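I opened my notebook to look at how two chains fold and meet. Come along and check each entry against the picture.

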2 protein chains.
Amino acid sequence: MAPHRVRVEALAPEMLLGPRETRHLHVLRLNPGDAVRVFDGQGAEAGATLTLLEEGRAVLTLGERLAGAAETPQPVTLAVALLKGDKLADVVRAATELGAARVQLLVTRHADAREIGAQKLQRLRRVAEEASKQSRRAVTPEVLPPLPLAEFAWEGTLFVAQPGSVARLTDHLNWDAPVTVLTGPEGGLAEAEVAALTARGAVAVTLGPRILRAETAPLALLGALVATGV
Amino acid sequence: MAPHRVRVEALAPEMLLGPRETRHLHVLRLNPGDAVRVFDGQGAEAGATLTLLEEGRAVLTLGERLAGAAETPQPVTLAVALLKGDKLADVVRAATELGAARVQLLVTRHADAREIGAQKLQRLRRVAEEASKQSRRAVTPEVLPPLPLAEFAWEGTLFVAQPGSVARLTDHLNWDAPVTVLTGPEGGLAEAEVAALTARGAVAVTLGPRILRAETAPLALLGALVATGV
């Protein structure tokens, strides 16, 4: 079985864990001497040994550093409109598995929601952290509070999913620069919004002739990215 | 607003709806004279007019037939291992949006579940029907009861997601023949299972270096298909 991965503040010769992570180790029935992995959510990952395990605290001793091998050649940002209910948690979880380095929430003209509470944002960040462990990434994607679409700036290539487009993501994808994929709310992006993005250099791409739910479109775009092997 | 889509047994000059669909029309506050669409789940779709609306029954009158424009060039099958809880419903819903014509459930060596109850299978079929309406498809994917992996036969190309593969779906995809994408359970397919599939002509493809959950992998593969514009 692959070693359990523990998120730590920073890689250090001795790392003290708090109650939450310690409880996890107890649940997994780990014992002093067992091997684990540690990662800092910024790309650093290493082997480690559990050297102390008590009620409420544990100590890990650093082992060999590992390359951050699970990252895309350039950082991938998912820019996604606010969605209702728990849909964003599902999107963030899958986007983390699919290699996103950052999730930027957006407020768009048609909006399922116009803001997000601090608690909900915190929950999305926890979801990203959990998912990065489970998918064996050393990087936890940032989840950034919502910006109005017009204020969202990107570097590199931005792909926006737009029904009726003929351009294909796979034809325009290159890894010379960061990649952003952008998807709208349940009601879709307004035509003027897509036009404003393409005027700023975005590429409007197809996801086929069907209507996708707002929570499916980001995964389809990210799925197309990872299917190229990155 | 796009007209409401109603699933009917078969397209006919006059179509009588039962209580469930009729309740829907009431909820949508439709009135006699309103335009709807009808589809039979087999690829036929047409305009229709609501000509009678009572408590528990409604009559639609057939209008012009529409081309089944939302289908892939060749049928796509998703072959997916049985998964725990409600995960299969999420997979079937998204697979329907992403154009799958059929979902074949599989029993694999590592299995989250070895069988599925009749009620649960029925529920998956309802999910497929609902999702095909919402995604404006004229075809409802079949959901087929589980087969042992070794007994699963396919036509055309089969892609199996396999961590560590270097082959890419987009490099091997052509639409001369039906396409199947196959994904395993939470614990993954056994190496011998993948080897048996590739010995039978399957192409093992990459989804990048991260570990995907069993319910994310099918969507990534189908996302890669639809991002090619089909």
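**Entry 1: a turn in chain B.** I began with the hairpin that β4(B) and β5(B) form, which has two residues between the strands. In that turn I looked up B:G56 and found a positive phi of about 90°. I noted for myself that this is a predicted model.

**Entry 2: the strands around that turn.** How many bridges join β4(B) to β5(B)? I found eight, and the two strands run antiparallel. β5(B) covers residues 57-66. One pair I traced by eye is B:A46, which stands opposite B:R65 in β5(B).

Next I followed β4(B), residues 45-54, to its pairing with β3 of chain B, residues 35-39. These two are antiparallel as well, with five bridges between them. Here B:F39 has B:E45 of β4(B) as its bridge partner. So that I could picture the side chains, I reminded myself of a general point: in a regular strand they alternate between the two faces of the sheet.

**Entry 3: chain A.** I then looked up the strands of chain A. β3 (residues 35-39) and β4 (residues 45-54) of chain A run antiparallel and are joined by five bridges. A:F39 sits opposite A:E45 in β4(A). β4(A) also pairs with β5 of chain A, residues 57-66, in the antiparallel sense over eight bridges. In that pairing, A:A46 faces A:R65 of β5(A). The hairpin of β4(A) and β5(A) has two residues between the strands, and A:G56 takes a positive phi near 90° there.

Entry 4: What rotation superposes chain A on chain B? I wrote down 180°, with 0.0 Å of shift along the axis and an RMSD of 0.1 Å. The two copies are therefore related as by a two-fold rotation axis. I also asked which residue of chain A comes closest to that axis. The residue is A:A224, with its C-alpha at 1.9 Å. The same surface serves both copies, as 100% of the contact residues of chain A recur in chain B.

**Entry 5: where the chains touch.** I looked up the contact residues and found 35 in chain A and 35 in chain B. Together the chains bury about 2700 Å², and 58% of that is on carbon and sulfur atoms.

For polar links, I noted 14 residue pairs in polar contact across the interface, both residues being at pLDDT 80 or more. Which elements give two or more residues to the side of chain A that touches chain B? They are α2 (87-97), α4 (169-172) and α6 (217-226) of chain A. The largest share comes from α6(A), with five residues. By class, this side of chain A holds 15 nonpolar, twelve polar and eight charged residues.

**Entry 6: salt bridges.** I looked at one of them in detail: the side chains of B:R213 and A:E97 meet at 2.5 Å, N to O.

Note on methods
Residues numbered from 1 in each chain as written. Chains lettered and ligands numbered in written order. Predicted model: local features only at pLDDT ≥ 70, side-chain atom pairs only at ≥ 80, totals over all residues. Heavy atoms only, no water. Contact = heavy atoms within 4.5 Å. Buried area = accessible area lost by both parts, 1.4 Å probe. Salt bridge = Lys/Arg side-chain N within 4 Å of Asp/Glu carboxyl O. Polar contact = N/O pair within 3.5 Å; in protein donor to acceptor, adjacent residues only side chain to side chain. Helix = DSSP H or I, 4+ residues; strand = E, 2+ residues; numbered from the N terminus. Nonpolar A, V, L, I, M, F, W, Y, C, P; charged D, E, K, R; others polar. Least-squares fit on C-alpha atoms with pLDDT ≥ 70 in both. Pairing = 2+ DSSP bridges.
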